[in-house]
Amino acid sequence: WILNFEHFLSKRILSARSYKNSISAPIIKIGVTAISIGMIVMIVSVGVGIGMQKEIKDKISAFEGDISIQSFNNTINENAINPILPSGEFLEDLRKFRGIKNFDKIISKFGIVRTLNDFDGLYFKGVEKGYDFSRIERYIIEGTNPVYSEGFSNDVLISKTLSNKLNLELGDSFQMLFSKSENPKPSILRLQVVGVFNSGFQELDSKYIFGDINQIRRILKWENDEISSIEIQLNEQSNLELISEEIYLNSPSEFDVITTKEKYFSVYEWIDLFDKNIYAIIFIMIVVASINIISVLVVLILERTNMIGVLKALGITNFSLQKFFIYTSSYLIFIGILIGNIFGLLILFTQEKYKIISLDPKIYYVDSVPIHIELFHIISLNLIAFILCVLSIFIPSLLVSRINPKDSIKFN
């Protein structure tokens, strides 16, 4: 075993009491603090940025699926006008489609909810027996989701927005009116509230109530297998455009395939900006951290000029001295990154658990700052920050080669 002289020297100097009381000590503390703060900002920005993207996409996916199949003659606003009649063979192929988690048959029809004192317009989303309510269960704040059978049910799930606007509570009944093109007299359904949901996404909360598909099918006088759309849930949203394209190519010519990204284009455009913001923050923080560690290194070299001269006189090479200062700086970078990780993750954990920072859901689509960060993100951030900061000190470390032993030994 051969002693690593540079590592040994770096360790001895950093642990020495005289070093802690040296002129450079405050500057080193400022440099380490700057790296820590930069790391905290990077971790928090990644956790919040990815958390916002994931939370908003998950809400849209939970209430509307990821992909919809409907008639080409229908508009994107989801009002049932022209039904589709998917064949059993097509539905079976859809079940076997790679990347599809499940799908549900939907009939969506616009109507007017009326109480004795007020009214509001929104979509009645008719769902079948066996509809997967599990994906919106976490948003149900009162009651439960309706359970449907082969018969007709008046039970509906409404939003907190509608509940507040029309003063509807669990067990209350109300009327919903639907217009018919062939008849000036509207069809009326009497419905009962069995559950209330609140997603915090105002655009979704003010859009739907969930009800029995058989009720709306009876009003429209559609056949048993006729529906307005097929709502598809994917295993991974990252494959959204690829899978939608494949479904479109394998669908009958009268079927149109629409993604939630097309329905909520402006929302997706907004959350995609988070990526650019995250990259910009990471770049700025790494630049600031690199400038600080370079400053620390220059101060260390100037403070140790006398020592450098003595070591050179004893035969230590410039390369060996460079390694010493790189080891010393790398240790300080590591300490800064470690402290930044501890406080950054603590901030994320506190926000995730206690929801300290709240947001206006009308603007941000969430009621508190959501957090999502994976081990991969943390490891990547740490590696990028450490490697780039270490690389930034290579050129300043060349200063040791310019120091003349004869002059530096006199330097004090």
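This is a predicted model: local features need pLDDT of at least 70, side-chain atom pairs count only at pLDDT 80 or more; totals for chains, interfaces and linings use all residues.

Me: At what angle do helix 10 and helix 12 pack?

Reply: About 135 degrees, with the axes 10 Å apart; helix 10 covers residues 265-303 and helix 12 covers residues 318-354. Angles over 145 count as roughly antiparallel and 65 to 115 as roughly perpendicular, so the two helices are oblique to each other.

Me: And is the crossing left-handed or right-handed?

Reply: Helix 10 passes helix 12 in a right-handed crossing. On the helix 10 side, I293, V296, L297, L300 and I301 make the contact, and helix 12 brings F325, T328, S329, L332 and I333. By class, that contact has eight nonpolar residues, two polar ones and no charged ones.

Me: Let's stay with F325. Buried or exposed?

Reply: F325 counts as buried because its relative accessibility is 2%, under the 20% cut-off.

Me: Nice. Which residues does F325 touch?

Reply: Leaving out residues up to four places away in sequence, F325 touches L297, L300, I301, R304, I308 and V400.

Me: Switching to rings: how many aromatic pairs are there?

Reply: Searching the whole structure gives 19 aromatic pairs. One of them joins Y131 and F133, edge-to-face, at 4.8 Å centre to centre and 75 degrees between the planes. Y131 and F133 are both buried.

Me: Which residues do ring pairs link into a cluster?

Reply: The cluster consists of F63, F110, Y123, Y131, F133, Y139, F197, Y208 and F210, linked by ring pairs.

Conventions
Residues are numbered from 1 along each chain as its sequence is written. Side-chain values use heavy atoms; hydrogens and water are left out. Axes are lines fitted to C-alpha atoms, for helices over the stretch in contact, and angles run from 0 to 180 degrees between N-to-C directions. Helices (H or I, at least four residues) and strands (E, at least two) are DSSP runs, numbered from the N terminus. Angles under 35 degrees count as roughly parallel, over 145 as roughly antiparallel, 65 to 115 as roughly perpendicular and the rest as oblique. A crossing is left-handed if the near helix is turned anticlockwise from the far one by less than a right angle, and right-handed if clockwise. Contact means heavy atoms within 4.5 Å. Ala, Val, Leu, Ile, Met, Phe, Trp, Tyr, Cys and Pro count as nonpolar, Asp, Glu, Lys and Arg as charged, and the others, Gly among them, as polar. Rings of Phe, Tyr and Trp (its six-membered ring) pair if their centres lie within 6.5 Å; planes under 30 degrees apart count as stacked, over 60 as edge-to-face and the rest as tilted. Buried means under 20% relative accessible area, exposed over 50%, partly exposed in between (1.4 Å probe, protein chains only).
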